[in-house]
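Hi,

Here's the structure I promised to pass on. My notes on helix packing and aromatic rings follow below.

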Amino acid sequence: MDSCVCAALAVRDFGAAAVHVSYGQRTEERERRAFLAICDHLGIHDRLVVRNDALRAIGGSALTDPEIAVPESPAIEHGAIEHGMIGHDIPVTYVPFRNAHFLSVAVSWAEVLGAEKVYIGAVEQDSSGYPDCRPAYYRAFNEVVRTGTKDGRIEIVTPLIGLRKWEIVCLGLELGAPFDLTWSCYSREDRACGVCDSCVLRLRAFHDAAATDPLRYCETAERV
């Protein structure tokens, strides 16, 4: 959802090329289909689809290791997203240093294309507590890009990082972002589970934005 809104912003302001990285996550195929459909909708013709086998081989995350279950969000039981129950501790769905892998691919391609900005839909406020979604992370990564690229002009841009999820929904609706084509669930590819952190954050965001989420959820989503 966040990446879709971020892409819509980039298309509006500059035009865009888009990168998708499959890394052996549980919903790999469904996410790839969502990427292609969103690109079609937004008119993004330059696309790079790559595979990163390292993150699956490394493991250590419920998204990449079939032996680690994707947990239900603690907010399901306590209803306490607004009180920090999500994001209090780094959850097992964190993929170690994942965004660095994504950004490395995007920055390398940006050098080839002659692009000067790399947009990423990272969000700090209503995230699951991932350390690679913090502003300090992107400030540091931008310094790496400045010192490690040919011309040093490429900038990583995080336009959503300070927004709440409901604000991202409102912005996406304003931009005409195709939320019906997005996929947020950590564990399923047929219907969204409605109980993982990502689903719960998404459902609560649409509720707080007084908007209807177009995704189909399992019956358990009614508990959110």
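This is a predicted model: local features need pLDDT of at least 70, side-chain atom pairs count only at pLDDT 80 or more; totals for chains, interfaces and linings use all residues.

**Helix packing and rings**

Residues are numbered from 1 along each chain as its sequence is written, and side-chain values use heavy atoms, leaving out hydrogens and water.

The axes of H5 (residues 98–113) and H6 (residues 135–148) come within 12 Å and cross at roughly 40°. Helices here are DSSP runs of H or I with at least four residues, strands are E runs of at least two, and both are numbered from the N terminus. On the H5 side, the contact (heavy atoms within 4.5 Å) is made by Asn-99, Ala-100, Leu-103, Ser-104 and Val-107, and on the H6 side by Tyr-137, Tyr-138, Phe-141 and Val-145.

Now the rings: there are seven aromatic pairs (centres within 6.5 Å; planes under 30 degrees apart are stacked, over 60 edge-to-face, the rest tilted). Tyr-23 and Phe-102 make a tilted one, 5.6 Å centre to centre with 55° between the planes. Tyr-23 sits in the loop between strand E1 (18–22) and helix H2 (28–42), while Phe-102 is in H5, 79 residues apart. Both are buried (under 20% relative accessible area, 1.4 Å probe, protein chains only; exposed is over 50%, partly exposed in between).

Phe-97, Tyr-137, Tyr-138 and Phe-141 form one aromatic cluster.

Cheers

How values were computed
Axes are lines fitted to C-alpha atoms, for helices over the stretch in contact, and angles run from 0 to 180 degrees between N-to-C directions. Rings of Phe, Tyr and Trp (its six-membered ring) pair if their centres lie within 6.5 Å; planes under 30 degrees apart count as stacked, over 60 as edge-to-face and the rest as tilted.
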